[in-house]
Amino acid sequence: MRLFKLNRNKSEAPMVAAFSIFSIVVSLVTFPTIIWYSFLVFPIMAIIYMVFRKFRLGFFKQECFLILDDEGLRYSFTVIQRPRILKWEQVDKVNYQLYEINFKLKETGEIISMQTAYLENEAEISDLKAYIETQCQMM
């Protein structure tokens with residue numbers, strides 16, 4: 001079994017985008033009524049974000065991981081993604097791109113794309129590819 005560490009800041013990027021969009025919408029909605037206080041939405045949302053992140057509340061308690069073992073690979077790349085399992089028996093072929101690894105499934109022909117940019121250490125990409133090559137056939 002091999003565990004690869006993921007960059008937590010990249011994993012939280014979708015959550016930061018959601019907080020930002022929500023702040024913009026709330027600021028625009030409250031602007032005509034409370035004029036100057038609508039600008040406090042951004043600092044308040046930033047404080048809420050930091051508190052949730054520090055104490056791991058809500059989505060922030062979600063762990064981000066990539067685990068490879070004899071059965072397959074288990075992964076959850078972002079804090080809003082549910083953990084998924086991809087078994088080696090399901091994989092037909094593997095294709096390596098510059099920033100991603102594509103798995104083609106046997107039954108459906110669906111392509112599952114795995115971003116390598118989430119890895120904390122870029123030197124581990126070669127280890128990841130080597131481990132996958134031992135389990136799967138290349139395209």
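Tutor: First, a term we need: helices (H or I, at least four residues) and strands (E, at least two) are DSSP runs, numbered from the N terminus. Please keep in mind that this is a predicted model.

Student: Where is T78 found?
Tutor: Look at the two strands β3 (72-76) and β4 (84-87).

Student: Is T78 buried or exposed?
Tutor: Setting aside neighbours within four places in sequence, T78 has contacts with S11, P14, Q62, C64 and Y118. Its relative accessibility is 10%, and the cut-off for buried is under 20%. T78 therefore counts as buried.

Student: What pattern does the chain follow along the sequence?
Tutor: The chain has 4 helices and 7 strands. Read in order, they give β-α-α-α-β-β-β-β-β-β-α.

Student: Why is the chain described as more spread out than a compact globule?
Tutor: The C-alpha trace spans about 60 × 30 × 25 Å along its principal axes. For 139 residues the globule rule gives 14 Å, and the chain is well over that, so it is more spread out than a compact globule, with a radius of gyration of 20 Å.

Student: Which residues touch the most other members of the largest nonpolar core?
Tutor: That core has 31 residues. Among the elements giving two or more residues to it are α2 (13-34), α3 (41-55), β6 (100-105) and α4 (124-135). The residues touching the most other members are L66, L73, F103, M114, L128 and I132.

Student: Which residues does I132 touch, not counting those up to four places away in sequence?
Tutor: I132 is one of the core residues with the most contacts to other members. Beyond those up to four places away in sequence, the residues that I132 touches are L68, W88, V94, Y96, I101, F103 and M114.

Student: Is F55 buried or exposed?
Tutor: F55 has its place in helix α3. Its relative accessible area is 57%, and the cut-off for exposed is over 50%. F55 is therefore exposed.

Student: What is phi of R56?
Tutor: R56 lies in the loop between α3 and β2 and is partly exposed, with a relative accessible area of 39%. Most residues other than glycine have a negative phi. R56 is not glycine, yet its phi is positive, near 50°.

Student: Which residues does E124 touch, not counting those up to four places away in sequence?
Tutor: E124 lies in helix α4 and is buried, with a relative accessible area of 16%. Leaving out residues up to four places away in sequence, E124 touches R2, F4 and K5.

Student: How many Å apart in space are A46 and S20?
Tutor: A46 is in helix α3 and counts as partly exposed at 33% relative accessibility. A46 and S20 are 26 residues apart in sequence. From C-alpha to C-alpha, their separation in space is 8.9 Å.

Student: How many Å apart are the centres of the positive and negative side chains?
Tutor: The chain has 16 positive and 15 negative side chains. The centres of these two sets are separated by 7 Å.

Key: Residues numbered from 1 in each chain as written. Predicted model: local features only at pLDDT ≥ 70, side-chain atom pairs only at ≥ 80, totals over all residues. Heavy atoms only, no water. Rg over C-alpha atoms; globule rule 2.2 N^0.38 Å. Lys, Arg positive; Asp, Glu negative; His and termini not counted. Charge placed at Lys NZ, Arg CZ, Asp CG, Glu CD. Buried < 20%, exposed > 50% of the residue type's maximum accessible area, 1.4 Å probe, protein only. Contact = heavy atoms within 4.5 Å. Core = buried A, V, L, I, M, F, W, Y, C linked by side-chain atoms within 4.5 Å.
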